[in-house]
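Welcome! Have a look at the structure below, and then we will walk through one part of it together.

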Amino acid sequence: MPSLALLLAGCSVQQPELKTVDYVDLDRFMGDWYVIANIPTFLEKGAHNAVESYKLNDDGSIATTFVFRDGSFDGKRKVHTPVGFVEDTRTNAVWGMRFIWPIKADYRIVYLADDYSKTVIGRNKRDFVWIMARTPRISEESYQEIVELVASMGYDISKLEKVPQRW
């Protein structure tokens, strides 16, 4: 009879590293991104009109401003300002996102439309994901294609929530 540890080890499935896009032109990526849907962190639960903005600093870090209304379109305005750091300078697609020093959260650009109109940010753990666009809405067809892509990456899309956007 196998030991319990061996049995449990056999049950755990190690996911492969989350593949990123081949290359991100950081200058083109900078600017405003509307959060269309996500598997939210505890900070983002109930977010409305969520927008993530990036600005490349002279030292190569990325000033990030995440703004949303908490709980409703009239809810309290929340602002978070983490700093991004490009971890893979060959592709510019793997970042560390620092909310609290010295911890950097895994942040991977796993999909990016050729025209830089839509993107998906993921994490190796496949615990959180963000579908973002340059506009507050995307077509339902485009949304469903991206959701299928996110599912193919190993995410539990039943946890995916659309973020209400009204502008």
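## Strands and pairing

Two strands pair if DSSP finds at least two bridges between them. Helices (H or I, at least four residues) and strands (E, at least two) are DSSP runs, numbered from the N terminus. This is a predicted model, where local features need pLDDT of at least 70 and side-chain atom pairs count only at pLDDT 80 or more, while totals for chains, interfaces and linings use all residues. Residues are numbered from 1 along each chain as its sequence is written, and side-chain values use heavy atoms, with hydrogens and water left out.

## Strand E9 and its partners

Let's start with E9, which covers residues 129-133. E8 pairs with E9 in the antiparallel sense, over 4 bridges, and isoleucine 121 has tryptophan 130 in E9 as its bridge partner. Strand E1 (residues 31-39) also pairs with E9 in the antiparallel sense, over 5 bridges; here tyrosine 34 stands opposite alanine 133.

Is E9 covered or open? It is mostly covered, with 5 of its 5 residues buried (under 20% relative accessible area, using a 1.4 Å probe and protein chains only). Val129, Ile131 and Ala133 point one way, and Trp130 and Met132 the other.

## Serine 117

Now find serine 117, in the loop between strand E7 (103-112) and strand E8 (118-122). Beyond its neighbours within four places in sequence, serine 117 is in contact (heavy atoms within 4.5 Å) with Trp33, Met132, Ala133 and Arg134.

Conventions:
Buried < 20%, exposed > 50% of the residue type's maximum accessible area, 1.4 Å probe, protein only.
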